[in-house]
Amino acid sequence: MKNIIVSCLFMALLLCSCHSEKSEQTQTSGVTAEMALEGVNNYCHSEYDWSVADENPDLMSVTMGEETETEYKVVFRSYTGALVNFYVDKSSGLTRKVEYVPALDLESEAGTINLFDYLEKESKAASPKE
């Protein structure tokens with residue numbers, strides 16, 4: 001009887017420790033709203049020509065959209081009036097792009113990116129600027 005109780009306590013302890021470890025991994029590897037906005041903003045500045053917005057910054061923007069339990073929506077608005085909706089998976093950082101042209105009511109899938117490829121690396125942020 002004593003062996004059964006000890007075994008049950010051991011199993012309970014094991015299950016509790018595994019659960020907390022998984023929670024910590026999700027928190028450290030998950031994507032926050034700030035990360036989603038920063039990564040998409042960095043991507044848009046590297047992929048799209050922002051020179052038309054030099055004199056009038058209101059022509060182009062990157063803003064947060066709706067949030068669900070599993071993803072963030074980040075919206076890039078171009079000077080042409082087209083929108084690119086970025087759907088960022090909160091757990092993996094995989095980001096689906098959907099282009100939308102409101103004037104023509106056209107929507108099309110435009111591929112995916114890895115959000116982590118467009119986030120500043122901690123080592124870069126920690127190193128002194130030359």
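**Exercise 1. A lysine and its partner**

With a relative accessibility of 16%, K73 counts as buried; buried means under 20% relative accessible area, exposed over 50% and partly exposed in between, with a 1.4 Å probe and protein chains only. The model is a predicted one, in which local features need pLDDT of at least 70 and side-chain atom pairs count only at pLDDT 80 or more, while totals for chains, interfaces and linings use all residues. Residues are numbered from 1 along each chain as its sequence is written, and side-chain values use heavy atoms, with hydrogens and water left out.

Task: Place K73 in the fold, list its contacts and state which side chain it meets in a salt bridge.

Solution. 
1. K73 sits in strand β2. Helices (H or I, at least four residues) and strands (E, at least two) are DSSP runs, numbered from the N terminus.
2. Residues up to four places away in sequence are not counted; beyond them, K73 touches T63, M64, G65, E66, N85, F86 and Y87. Contact means heavy atoms within 4.5 Å.
3. The salt bridge of K73 is with E66, at 3.5 Å from N to O. A salt bridge needs a side-chain nitrogen of Lys or Arg within 4 Å of a carboxyl oxygen of Asp or Glu.
4. E66 is exposed, at 54% relative accessible area, whereas K73 is buried.

**Exercise 2. The other salt bridges**

Task: The structure holds 3 salt bridges. Describe the one formed by K90 and the one formed by E109.

Solution. 
1. Side chains of opposite charge can pair when their charged atoms come close.
2. K90 forms a salt bridge with E67, and the closest N and O atoms are 2.6 Å apart. K90 lies in the loop between β3 and β4 and E67 in strand β1, so the pair ties together parts that are 23 residues apart in sequence.
3. The K90 and E67 side chains also make a polar contact of 2.6 Å. Such a contact is a pair of N or O atoms within 3.5 Å; within protein, one must be able to donate a hydrogen and the other to accept it, and residues adjacent in sequence count only if both atoms are side-chain atoms.
4. K90 is buried at 16% relative accessibility, and E67 is exposed at 52%.
5. Leaving aside neighbours within four places in sequence, the contacts of K90 include G30, V31, T68 and Y72.
6. E109 forms a salt bridge with R96, the closest N and O atoms being 3.1 Å apart. This pair links distant parts of the chain: E109 is in strand β5 (residues 106-114) and R96 in strand β4, 13 residues apart.
7. E109 is exposed at 54% relative accessibility, and R96 is partly exposed at 32%.

**Exercise 3. The nonpolar core**

Task: Which residues of the largest nonpolar core touch the most other members, and which element gives the largest share?

Solution. 
1. A nonpolar core is a set of buried Ala, Val, Leu, Ile, Met, Phe, Trp, Tyr and Cys residues joined through side-chain atoms within 4.5 Å.
2. The largest core has 18 residues, of which V40, C44, F76, F86 and V88 touch the most other members.
3. At least two residues of this core come from each of α2, β2 and β3. The largest share, 4 residues, is from α2.
4. Beyond four places in sequence, V88 touches several residues, among them V31, A36, V40, V74, L94 and L115.

**Exercise 4. The whole chain**

Solution.
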